[in-house]
Amino acid sequence: MLSVAHQLRRMRQATRANPGVIATMQAHRLQNLVRCAYDHVRYYRQLFDEAGIDPSTIRKVSDLSRIPISRKSDLQAAGAEVISSQAFSPQHCVIEKTSGSSGAPFEIRFDRHFVAVRNAMFLRAMGAAGYRLGQRMMLISGTQPRQRRWPTPWLYVPFDDSPAAMLEKLNRFRPQVLYGWVTPLRQLAEHVREHNLPGAHQPRAVVTTAEPLDGPTHALLGEALGAEVFEIFGLTEMGAMAWECSRHDGLHLAQDVVIAERVEGRLVLTNLLLRAMPLLRYDCGDLVEQFPPMEMCACGCTFAKLPRVEGRQVDCVRLADGRVLSPYSLTLAMEKVTALQRYQVIQSALGRLEVHYVPQPGSSDAEPEIRAALAALLGEQASIEVIKRSTLDPPPGRKFRVVECRCRS
Ligand SMILES: [Zn+2]
């Protein structure tokens with residue numbers, strides 16, 4: 001296996017390739033992917049056979065549109081049939097759960113090669129913000145530190161640390177780059193601004209992820225933390241698939257790993273390198289704006305831009321004690337609950353949450369597990385109502401929000 005530094009160097013070079021070279025690379029990877037999916041994954045074999053598609057006729061990106069789209073629920077329902085029969089021994093696979101913005105917990109299996117690719121994708125995206133291997137990075141998120149194969153001076157800070165505790169760590173660790181979810185970063189920046197702390201450490205760059213970055217928050221982060229602000233768009237299933245470049249004019253799409261399509265307004269993704277559980281024309285549940293015409297970016301990267309993704313419709317939750325929770329702290333807690341097919345958390349009033357859920361077929365009452373998971377996060381005094389439903393769809397004409405705040409602020 002390639003070292004991370006080597007992998008990263010190759011992936012960085014790809015961002016400078018001319019569009020013809022990228023198209024050839026995509027076609028080659030797509031052919032391999034389709035062959036592996038058809039030969040080793042029962043779900044795709046059946047999908048192709050039923051649609052009457054000969055896998056050898058899928059030769060370039062424009063052929064993709066013949067393949068039926070798979071929604072998360074299709075893959076969930078297929079269970080083990082979406083997993084490759086190729087010998088990926090357990091120690092060479094990583095299983096991760098994601099619910100992202102869709103409110104439908106989903107288990108994905110990554111082979112070791114893709115884990116290495118995903119690490120390199122993250123480093124490449126961070127590199128656009130000026131990060132270099134060996135530099136100090138502070139990461140504020142819900143991700144547990146994973147064992148890495150190369151030494152990293154990285155400090156992981158839990159998203160639910162108090163702003164004062166985060167600042168203390170920032171000042172002590174003095175990272176070149178600060179990376180994290182939008183909500184805890186905003187809380188940290190507000191803390192610095194409110195207390196007028198001129199001595200606070202100023203990282204070179206702040207990189208946000210997981211939640212949409214609005215204009216006022218972008219400005220606040222830049223001013224309070226004295227840093228250049230960048231955004232990354234990542235999905236567990238795909239890795240850091242788009243990143244903001246030095247020109248701050250949109251996000252470049254990792255075209256060497258991910259093919260993104262817009263189908264009836266929805267973002268449909270193909271992961272060219274994941275083999276243990278191929279994702280081929282996968283409807284990730286997000287909405288996306290029109291793709292802009294291809295234009296050379298002044299930063300020198302030749303990868304196309306990903307338009308604004310609108311599907312990540314999530315709200316922050318305000319607690320009675322004044323805390324503001326990132327929606328992702330709630331989805332992370334809900335991912336620990338087993339046997340949920342779909343869920344939604346609605347804040348109906350300050351300190352009051354409703355959890356609507358659809359159980360997986362044949363599973364028992366999930367209420368005690370949901371209560372335990374949320375009590376650990378919110379404290380005992382929060383009022384939680386748990387409602388079992390047979391379906392969970394957004395009201396007509398509205399987008400589904402996995403975490404929705406309905407109280408007036
Ligand atoms: Zn650029």
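Which residues touch the most other members of the largest nonpolar core? Select Val177, Val206, Val207, Met241, Leu253, Val258 and Leu269: of the 108 residues in that core, these are the ones. A nonpolar core here is a set of buried Ala, Val, Leu, Ile, Met, Phe, Trp, Tyr and Cys residues joined through C-beta atoms within 7 Å. Buried means that 20 or more other C-beta atoms lie within 10 Å of a residue's own, with C-beta atoms placed from the backbone.

Now pick helix 5, residues 112-128, which gives this core its largest share, eight residues. (Helices are DSSP runs of H or I with at least four residues, strands are E runs of at least two, and both are numbered from the N terminus.)

Next, colour domain 1 (1-312) and domain 2 (317-405), with bounds from an automatic or database domain assignment. Both domains give residues to the core, so it lies between them. Their C-alpha centres are 26 Å apart.

Zoom in on Val207. Beyond its neighbours within four places in sequence, Val207 is in contact with Met126, Ala129, Val177, Tyr179, Phe230 and Ile232; contact means C-beta atoms, placed from the backbone, within 7 Å.

Finally, zoom out. The protein has ten helices and 20 strands, and its C-alpha trace spans about 65 × 50 × 40 Å along the principal axes. Of its 409 residues, 40% count as buried.

Two notes for your viewer: residues are numbered from 1 along each chain as its sequence is written. This is a predicted model, where local features need pLDDT of at least 70, side-chain atom pairs count only at pLDDT 80 or more, and totals for chains, interfaces and linings use all residues.

Methods:
Buried ≥ 20, exposed ≤ 12 C-beta atoms within 10 Å, placed from the backbone. Contact = placed C-beta atoms within 7 Å.
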